[in-house]
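Subject: Structure handover

Hello,

Here is the structure we spoke about. Please look it over, then read the notes below.

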Amino acid sequence: MIHKEKNIFDRLKSAESVTFTDPDYALIGTAVNLIKKLLIRLNNSTDEKEIRSLLSEIIGQKIDESTTVFTPFFTNYGKNIKLGKNVFVNHACSFLDLGGITIDDNVMIAPRVNLTSESHPIAVKHRKTLTVGHIHIKRNAWIGTNATILAGVTIGENSVVAAGAVVHKDVPDNTIVGGIPAKVIKQIN
């Protein structure tokens, strides 16, 4: 049986690093340009049904009626975003999702939150490599205004990320974190 090699998006979704010189790297730019066109329409619409339809097209998943995403909304790929039920995403959020972003049911995301499942190595000779890590925000979490969640991070159930925090490590269930870098502030009873 012959197995076809994975495409660049499947490779990234499975956490494979990809150099800028990868023969398929240009496909990312092509996909980003297609999404930009949809984002322009999405972010210029005032019709809730059209917004829901366009966002469903961008992420390749029907958005549940109980989920609300305010515009403007930004993403670079979109197809690796999974949104649960009763999710609220406030305006001006940016989801870089080549590494995958999963948002479970009942999550609240405040304005200007950045979910960035993508990064680059620190070493200069390897910096032009795209590295990824899946972001998972579990049920009932609340992400505060202007917080940034970095690649590979899981935010536990019922947890809170304080406004302005930069989260680079997993947050346990029922925990409040804040600061740069984010540190545990207290447990939620």
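Pro-72 sits in the loop between S2 and S3. Helices (H or I, at least four residues) and strands (E, at least two) are DSSP runs, numbered from the N terminus. This is a predicted model: local features need pLDDT of at least 70, side-chain atom pairs count only at pLDDT 80 or more, and totals for chains, interfaces and linings use all residues. Residues are numbered from 1 along each chain as its sequence is written, and side-chain values use heavy atoms, with hydrogens and water left out.

Back to the proline. The peptide bond from Thr-71 to Pro-72 is cis, with omega near 5°. Pro-181 is in the loop between S18 and strand S19 (183-187).

**Positive phi**

Most residues other than glycine have a negative phi, and most peptide bonds are trans. Which way does phi of Arg-112 go, positive or negative? Phi of Arg-112 is positive, near 60°. Arg-112 lies in the loop between strand S8 (108-109) and strand S9 (114-116). Its relative accessibility is 40%, so Arg-112 counts as partly exposed. The cut-offs: buried means under 20% relative accessible area, exposed over 50%, partly exposed in between (1.4 Å probe, protein chains only).

Asn-174 has a positive phi too, near 55°. Asn-174 is in the loop between S17 and S18. At 29% relative accessibility, Asn-174 is partly exposed.

**His-168**

His-168 is in the loop between strand S17 (166-167) and strand S18 (175-178). Its relative accessible area is 39%, which means partly exposed. Setting aside neighbours within four places in sequence, His-168 is in contact (heavy atoms within 4.5 Å) with Leu-150, Val-153 and Pro-181.

**H2 against H3**

How do H2 and H3 pack? Helix H2 (residues 26-43) and helix H3 (residues 48-59) meet at an angle of about 165°, and their axes are 9 Å apart. That makes the two roughly antiparallel. Angles under 35 degrees count as roughly parallel, over 145 as roughly antiparallel, 65 to 115 as roughly perpendicular and the rest as oblique. Axes are lines fitted to C-alpha atoms, for helices over the stretch in contact, and angles run from 0 to 180 degrees between N-to-C directions.

From H2, the contact uses Ile-35, Leu-38, Leu-39, Arg-41 and Leu-42. From H3, it uses Ile-51, Leu-54, Leu-55, Glu-57 and Ile-58.

H3 has 12 residues. At 1.5 Å a residue they should span 16 Å, and the end C-alpha atoms are 16 Å apart, which agrees. The expected span is 1.5 Å times one less than the number of residues. The buried residues of H3 are Ile-51, Arg-52, Leu-54, Leu-55, Ser-56, Ile-58 and Ile-59. Their cover includes H2, strand S2 (68-69), strand S3 (73-75) and strand S4 (81-83).

**Ile-28**

Ile-28 is in helix H2. It is buried, with a relative accessible area of 8%. Beyond neighbours within four places in sequence, Ile-28 is in contact with Ile-8, Phe-9, Leu-12, Leu-98 and Leu-130. The C-alpha atoms of Ile-28 and Asn-76, 48 residues apart along the chain, are separated by 9.0 Å.

Best wishes
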